[in-house]
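User: I would like to learn how to read the features of a structure like this one. Please take me through them in turn.

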Amino acid sequence: AEQVMGEIAAHRTSIVFCNTRGLAELIFVRYLWAFELTSALLITAACGFLDSYTYLSRGGVFANAQTGNVILLALNLSEQHWYQASGHLWPILAFLVGVVLAVHVKAGRFDHLLVYPIRVTMALQVSILVVIGFVPTSVPHSFVTIPISFITAMQIELFRNIGDLNYIAVATTGNLMRLVEAGYGVTVDRAPDARKALTVYGRVVGVFAGGALVGAVCTQVMG
């Protein structure tokens with residue numbers, strides 16, 4: 001009888017441990033999801049804001065959306081406007097360097113030098129953006145657009161997933177496509193996971209547009 005009671009007690013302890021562990025894992029997953037969603041929305045809004053700012057007040061250059069820079073670079077080259085073309089070329093190159101460095105960080109090659117390399121990288125990015133905010137418009141535009149392109153590249157390489165959903169912070173085309181796909185999944189396919197995707201991509205597209213609007217208004221009002 002004592003052996004049976006001991007087995008029952010051990011079984012109950014195992015059940016309690018499993019339930020506690022399962023609850024802890026659920027809390028962690030929800031925390032991670034909230035963190036990734038919040039980070040994605042903030043980064044996306046910042047990208048929309050910065051693109052409006054640099055395009056309106058920094059020589060018509062997109063600091064984040066390199067597709068626009070490639071098109072404008074090609075147009076300037078076709079018109080033999082070499083100086084204007086260089087204004088779009090350098091941000092593109094800075095973006096490429098930022099992606100390479102971010103991949104280096106994600107690969108763990110800085111782990112032996114830094115305890116929290118991603119946190120240090122993000123702190124450095126914030127510091128650079130704060131400094132750039134005080135740069136007057138009389139300073140050459142490349143001193144602003146190149147660092148922003150570099151920082152943005154690192155951000156979108158380090159943070160491009162919200163749970164199992166992929167997104168891109170610097171442009172809205174892919175996000176709009178996924179938004180429509182999710183809407184189709186909700187209304188036509190009745191897919192259970194599509195509703196969450198619809199909500200997420202709706203927020204991402206909305207904050208990008210909102211960030212661009214706020215950036216445009218602030219740039220026009222504050223110069």
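This is a predicted model: local features need pLDDT of at least 70, side-chain atom pairs count only at pLDDT 80 or more; totals for chains, interfaces and linings use all residues.

User: What share of the residues in the chain is buried?

Analyst: Buried means under 20% relative accessible area, exposed over 50%, and partly exposed in between (1.4 Å probe, protein chains only). Of the 223 residues in the chain, 33% are buried. Contact means heavy atoms within 4.5 Å. Among contacts between residues at least 6 apart in sequence, 65% join residues at least 24 apart.

User: Which residues of the largest nonpolar core touch the most other members?

Analyst: A nonpolar core is a set of buried Ala, Val, Leu, Ile, Met, Phe, Trp, Tyr and Cys residues joined through side-chain atoms within 4.5 Å. The largest one here has 26 residues, and those touching the most other members are Cys-47, Ile-162, Tyr-167, Ala-169, Val-200, Tyr-201 and Val-204. Two or more residues each come from α1 (2–57), α3 (82–106), α5 (142–158), α6 (173–189) and α7 (194–222). The most come from α7, which gives six residues. Another core, of six residues, lies apart from it and includes Leu-50, Tyr-53, Ile-132 and Ile-148.

User: With which residues is Ile-162 in contact, leaving aside its neighbours within four places in sequence?

Analyst: The partners of Ile-162 are Trp-33, Glu-36, Leu-37, Ala-40, Tyr-167, Val-200 and Val-204.

User: How many disulfides does the structure hold?

Analyst: A disulfide is a covalent bond between the sulfur atoms of two cysteines. The cut-off used is a pair of cysteine sulfur atoms within 2.5 Å. By that test the structure holds zero disulfides. Cys-47 is buried at a relative accessible area of 1%, whereas Cys-218 is partly exposed at 27%.

User: At what angle do α3 and α5 pack?

Analyst: Axes are lines fitted to C-alpha atoms, for helices over the stretch in contact, and angles run from 0 to 180 degrees between N-to-C directions. For α3 and α5 the angle is about 35°, with the axes 7 Å apart. The contact includes Trp-90, Val-99, Ala-102 and Lys-106 of α3 and Ile-146, Phe-150, Ala-153 and Glu-157 of α5.

User: Is Glu-157 buried or exposed?

Analyst: Glu-157, in helix α5, counts as buried because its relative accessible area is 11%. Leaving aside neighbours within four places in sequence, Glu-157 is in contact with Val-99, Ala-102, Val-103 and Lys-106.

User: Where does Gln-80 lie, and what is its phi?

Analyst: Gln-80 lies in the loop between α2 (66–78) and α3. Its phi is positive, about 60°, although Gln-80 is not a glycine. Gln-80 is exposed, with a relative accessible area of 56%. Arg-190, in the loop between α6 and α7, also has a positive phi, near 55°. At 66% relative accessibility, Arg-190 counts as exposed.

Methods:
Residues are numbered from 1 along each chain as its sequence is written. Side-chain values use heavy atoms; hydrogens and water are left out. Helices (H or I, at least four residues) and strands (E, at least two) are DSSP runs, numbered from the N terminus.
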